[in-house]
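Subject: Structure handover

Hello,

Here is the structure I said I would pass on.

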Amino acid sequence: VVIGLCIGLSPFARAVVDPVVQFLRSLPPPTILPIGILLFGIGPAMNIFVIVFGAIWATLLNTADGVRGVDLQVRDMAASFRLTRWQRIRHVVLPAAAPQIFAGMRTSLQIAIILIVISEMVGATSGIGYFILKSQQSFKVTETWAGTIVLGVLGYLATLVFLQVEKRVLAWHTGMQANDNVQ
């Protein structure tokens with residue numbers, strides 16, 4: 001979110017960073033596994049690297065777009081009230097961009113869950129992905145399905161928790177949308 005905020009606020013940063021961001025986000029995360037293994041070896045550090053690398057882009061790009069999309073008149077009004085840069089970011093830019101930031105975070109959550117499984121299948125000796133892969137290779141169909149169902153339930157519960165947090169943080173936005181629908 002912080003990097004996306006910087007990219008969204010600075011046209012210069014956007015111009016410099018955008019080609020690199022676009023290149024890195026276009027790399028399929030599973031293709032990063034060999035680089036992760038080379039840099040970190042097989043273990044938790046490699047898993048974290050692959051998960052973060054694959055999941056960061058939705059949040060980063062949505063944050064930058066959300067910040068860039070804040071109405072220029074709103075920014076000018078905040079400046080005319082002589083708010084400091086930090087106050088404008090905290091009280092104007094972030095709240096205006098928050099719905100888009102949360103949409104990116106929700107997408108990142110789903111991608112992260114998928115990458116947890118992939119990274120555990122390739123470079124781990126434990127975890128749900130490892131369990132599913134070993135069950136599949138041993139032709140233990142019941143255990144494979146059990147692992148898949150557990151993974152689905154965990155993903156569903158993570159999404160429910162995230163949606164509750166989002167609903168609480170963006171309660172003001174939901175209220176605004178309800179008022180718009182009434183009018």
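In what follows, Ala, Val, Leu, Ile, Met, Phe, Trp, Tyr, Cys and Pro count as nonpolar, Asp, Glu, Lys and Arg as charged, and the others, Gly among them, as polar. Keep in mind that this is a predicted model.

By that grouping, the lining of the largest pocket has 6 nonpolar residues, no polar ones and 4 charged ones. The pocket holds about 170 Å³ of space. Among the residues that line it are Leu-9, Arg-75, Asp-76, Arg-85 and Ile-89. Helix H5 (72-80) and helix H6 each contribute at least two lining residues, and H6 gives the largest share, 5 residues.

Next, the aromatic rings. A pair of aromatic rings is described by the distance of the centres and the angle of the planes. The structure has 4 aromatic pairs. One of them joins Phe-53 and Trp-57, with 5.7 Å from centre to centre and 85° between the planes, which is edge-to-face. Both residues sit in helix H4 (residues 44-68), 4 residues apart, or about one turn of the helix. Phe-53 and Trp-57 are both buried.

Phe-102 and Phe-162 make a tilted pair, because their ring centres are 5.8 Å apart and their planes lie at 45°. This pair links distant parts of the chain: Phe-102 is in helix H6 (residues 85-123) and Phe-162 in helix H8 (residues 141-169), 60 residues apart. Phe-102 is buried, at 10% relative accessible area, and Phe-162 counts as buried at 13%.

Finally, ring pairs connect Phe-40, Phe-49, Phe-53 and Trp-57 into a cluster.

Regards

Definitions and conventions
Residues numbered from 1 in each chain as written. Predicted model: local features only at pLDDT ≥ 70, side-chain atom pairs only at ≥ 80, totals over all residues. Heavy atoms only, no water. Phe/Tyr/Trp six-rings, centres within 6.5 Å; stacked < 30°, edge-to-face > 60°. Buried < 20%, exposed > 50% of the residue type's maximum accessible area, 1.4 Å probe, protein only. 1 Å grid on protein atoms, 1.4 Å probe; cavity = no way out; pocket = protein on both sides within 12 Å on 5 of 7 lines; lining within 4 Å. Points joined across faces, edges and corners; volume = space filled by probe spheres on them.
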